[in-house]
Amino acid sequence: MFGFYRFASVSPVLKVADTAYNTEEIIKSAKEAASNGAAFVVFPELCITGYTCSDLFHQELLLQNSFNALLKIAGAFADSDVVLAVGLPLRMFGRLYNCAAFLQHGKLVAVTPKIHLPNQREFYEKRHFSSGRDLLRGAVGGSVGAIRCYFDGVGEVPVTNYFTVKCGALGQNGSECAGSEVRVGVELCEDLWTPVPPSGELALAGANVIVNLSASDALVGKRDYRRNLVLNQSARCMAAYVYASAGVHESTTDMVFSGHLMIAENGSLIAESKPFSRETEIVYADVDVERLNMQRLSEGSFQDFDSREIVARAASFDGLRAVEKLQYRFVSPTPFVPGSLESRDQSCTEIFNIQCAGLAKRLEASRSKRAVIGLSGGLDSTLALLVVAETFKLLKRPALEILSLTMPGFGTTKRTKNNAVLLAELLGVELRTVSIKDACLQHFKDIGHDPQKLDVTYENVQARERTQILMDVANSEGGIVIGTGDLSEIALGWSTYNADHMSMYAVNCDIPKTLVRHIVHWYADNSLKFSADAKTAMELKKVLYDILDTPVSPELLPADNNGQIAQKTESILGAYEIHDFFLYHFAKYGAAPQKLLFLAKYAFAGKFTDEEIEKALTVFVRRFFTQQFKRSCIPDGPKVGTISLSPRADWRMPSDASFADWL
């Protein structure tokens with residue numbers, strides 16, 4: 001469902017050269033994986049015999065027994081649609097090859113010979129095997145398409161490292177899942193370690209899942225290096241990468257194996273085994289193939305490769321069973337926010353530096369004497385002012401050249417006003433207070449609007465009055481207006497056209513609300529690094545924490561009877577956490593509405609009800625489509641992540657597109 005498929009990577013207990021024992025272990029672990037919903041199960045290199053048989057590979061009995069074992073494994077799954085990838089030595093065209101064999105419905109679908117054979121230090125594969133390069137390039141047999149090899153008791157079988165799936169994928173009820181487009185490329189161990197791994201071309205030809213049957217020994221530091229290889233290759237190929245390596249039961253004559261199992265997706269590790277297990281290990285991952293396919297559509301490099309030779313030799317699986325309920329996948333409820341504290345600190349530092357660098361360049365290029373910013377006491381203007389303050393330090397300019405204006409209106413509360421004043425004082429910037437009430441009342445009178453009518457005109461008059469003040473003050477001071485709006489507001493159009501929608505440079509334009517919150521929190525926790533003394537740092541941290549605890553609001557409607565914020569944005573729109581989640585998967589991966597709901601309900605289980613999520617999706621779709629006209633003319637600002645809604649490069653969309661199909 002929605003392009004998810006469950007893959008399993010297995011490192012079974014084995015006995016070197018005991019094909020009967022190994023066969024039973026492979027069948028047992030494969031059945032366990034299949035019972036847990038795996039559609040595709042990958043075993044290590046030469047797992048039927050053991051990788052470390054050495055010169056026993058030249059024994060007739062071992063070769064016969066390993067092929068008979070392959071047929072027995074296939075027969076054990078005659079009534080199953082699960083695909084198995086197992087390793088064994090195979091004779092083809094008078095030579096011996098280290099092969100991956102692919103089984104489905106009790107049949108040998110195809111075999112893939114290893115291309116790159118190590119022949120150094122502890123590995124001497126060229127002593128026993130031939131490279132499969134010529135077979136995969138069509139140098140044997142001559143015709144266009146996959147080379148086919150005849151095996152006794154089986155018949156002709158394609159020799160290929162590229163697979164497609166017939167008729168899409170199968171749901172649990174056997175129905176076809178259209179548009180899945182699963183394509184599998186194959187590598188064996190050393191193939192990944194070469195300067196130009198086969199998976200690169202296979203991915204360009206369309207392979208979105210790479211499987212690697214491996215036997216990689218354990219050395220100091222090698223586990224990390226191997227993990228980096230898998231992660232980097234999955235990212236380069238924009239593919240899932242399923243890696244299965246031999247375990248501790250291989251021969252220890254000269255080396256030890258750790259049973260390293262990994263499943264990665266486009267640079268992210270989604271499953272990994274513990275090392276040196278003495279039991280059979282299986283890891284699972286629910287891979288989002290649809291997401292990989294959608295992301296590739298926007299990558300030009302995947303459109304420019306001549307894949308006819310590879311596609312011509314493809315073999316096919318009869319279908320893969322789709323996942324209908326996610327189990328082996330973490331879906332982050334805050335995809336814009338890095339997961340670990342260490343990566344979060346690093347990311348916040350980098351984002352903040354990008355914001356400061358962008359603003360510094362704009363100030364220098366415009367020869368601005370001052371930076372002018374509206375300070376509300378809310379999250380967005382707080383982050384913007386922190387960026388401006390650090391930028392002026394970067395440029396070795398005095399903080400008093402920063403001019404902040406607090407412009408109380410009909411909805412301004414004492415809490416936000418006090419926090420704005422305190423923040424400006426602690427940062428050492430100039431603060432001016434300009435009340436907009438009288439000007440707005442005069443404007444209501446000029447346009448004939450009843451000030452008791454608290455409608456959109458009532459709100460927008462205040463927003464435009466504030467922007468007019470900022471622009472005019474910037475003109476009089478020789479400065480530029482710094483925009484404070486964030487990516488979430490831009491996505492939802494939660495701004496007044498030609499008011500807070502507009503500025504001369506928008507430092508927060510690529511940062512969604514969930515990330516704004518984390519950056520301000522990060523700054524507060526590191527306030528000692530940014531402040532002149534410990535006392536100021538502690539006071540600054542206290543103010544920032546109070547701002548973080550303040551409900552998000554434009555404060556355009558009068559406060560309640562207790563003087564508290566009455567107009568709470570998330571009570572109107574729904575939680576920003578949900579909207580940012582939708583924005584991420586909609587803009588980055590083109591996820592359809594039903595998939596957005598599927599993912600959100602999984603990610604937010606126990607936090608938001610299904611009804612809240614469904615309501616938020618309706619709001620998101622309607623506002624995202626109808627508010628594009630605001631995004632078509634937004635100011636410049638620095639891009640900090642992979643998702644941006646700038647109309648100049650990152651997001652181009654007609655302002656009058658219909659959203660009917662998305663609801």
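A: Of the 663 residues of the protein, 56% count as buried, meaning that their relative accessible area is under 20% with a 1.4 Å probe and protein chains only. The model is predicted, so local features need pLDDT of at least 70 and side-chain atom pairs count only at pLDDT 80 or more, while totals for chains, interfaces and linings use all residues. Residues are numbered from 1 along each chain as its sequence is written, and side-chain values use heavy atoms, with hydrogens and water left out.

The protein has 22 helices and 22 strands, which are DSSP runs numbered from the N terminus (helices H or I, at least four residues; strands E, at least two). Helix 15, residues 513-525, packs with helix 17, residues 534-549, at an angle of about 160°, and their axes lie 9 Å apart; these axes are lines fitted to C-alpha atoms over the stretch in contact, and angles run from 0 to 180 degrees between N-to-C directions. The two helices, helix 15 and helix 17, are therefore roughly antiparallel to each other, a term for angles over 145 degrees.

The contact, meaning heavy atoms within 4.5 Å, is made on helix 15 by Arg517, Val520, His521, Tyr523, Ala524 and Asp525, and on helix 17 by Leu540, Lys541, Leu544, Tyr545 and Leu548. By class, this contact of helix 15 with helix 17 has 7 nonpolar, 1 polar and 3 charged residues, where Ala, Val, Leu, Ile, Met, Phe, Trp, Tyr, Cys and Pro count as nonpolar, Asp, Glu, Lys and Arg as charged, and the others, Gly among them, as polar.

Terms used: Angles under 35 degrees count as roughly parallel, over 145 as roughly antiparallel, 65 to 115 as roughly perpendicular and the rest as oblique. Buried means under 20% relative accessible area, exposed over 50%, partly exposed in between (1.4 Å probe, protein chains only).
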